[in-house]
Amino acid sequence: MKPNHYETVFILTPVLSDAQMKDAVEKFKQVLTSLGADVYHHEDWGLRKLAYPIQHKSTGFYTLFEFSGQPDVIKTLETEFKRDERVMRFLTTKLDKHALEYNEKRRKGAFNKKSETAKTETEA
């Protein structure tokens, strides 16, 4: 069976230290790899303000994984998210070919307007 491509974003509680946050991210990465998934991209978005308070907290550490794997991987990953008290929210989406193309362009910086404006400002 051909593996599907997925993207998952999860928010960790802001009370964690940097080491605790990295341990939590590594744990979920190992969950995926132990289930045979291929994690081909990982981004730490850092501490960001939430749109609305969750568990009386207004910020959280955001992390994104892009991976490919069989559909049963998602159920196990989401069960691990639900069991871990450090995870405040998570969302996993299946990527189609258009989303894969978009994500590849995004990783290459095609939509990063700040770097383009900074580049033109330094040239002027």
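Predicted model: local features only at pLDDT ≥ 70, side-chain atom pairs only at ≥ 80, totals over all residues.
Me: How many helices and strands does the protein chain have, and in what order do the elements run?

Reply: The protein chain holds four helices and four strands, and if you follow these elements from the N terminus on, you read them as β-α-β-β-α-β-α-α.

Me: How many aromatic pairs are there?

Reply: Two rings count as a pair if their centres lie within 6.5 Å, and planes over 60 degrees apart make the pair edge-to-face. By this rule the count comes to eight aromatic pairs. Take Phe10 and Phe28, whose ring centres are 5.3 Å apart and whose planes stand at 65°, so this pair is edge-to-face.

Me: Which elements do Phe10 and Phe28 lie in?

Reply: Phe10 belongs to strand β1 (residues 4–12) while Phe28 belongs to helix α1 (residues 18–34), so the pair ties together parts that are 18 residues apart in sequence. Both rings also belong to one aromatic cluster, which Phe10 and Phe28 form with Phe65, Phe81 and Phe90.

Me: Are Phe10 and Phe28 buried or exposed?

Reply: A residue is called buried when its relative accessible area is under 20%, and Phe10 and Phe28 are both buried. In the protein chain as a whole, buried residues make up 35% of the 124 residues.

Me: What share of the contacts between residues at least 6 apart in sequence joins residues at least 24 apart?

Reply: Among those contacts in the protein chain, the share is 73%.

Conventions:
Residues numbered from 1 in each chain as written. Heavy atoms only, no water. Phe/Tyr/Trp six-rings, centres within 6.5 Å; stacked < 30°, edge-to-face > 60°. Helix = DSSP H or I, 4+ residues; strand = E, 2+ residues; numbered from the N terminus. Buried < 20%, exposed > 50% of the residue type's maximum accessible area, 1.4 Å probe, protein only. Contact = heavy atoms within 4.5 Å.
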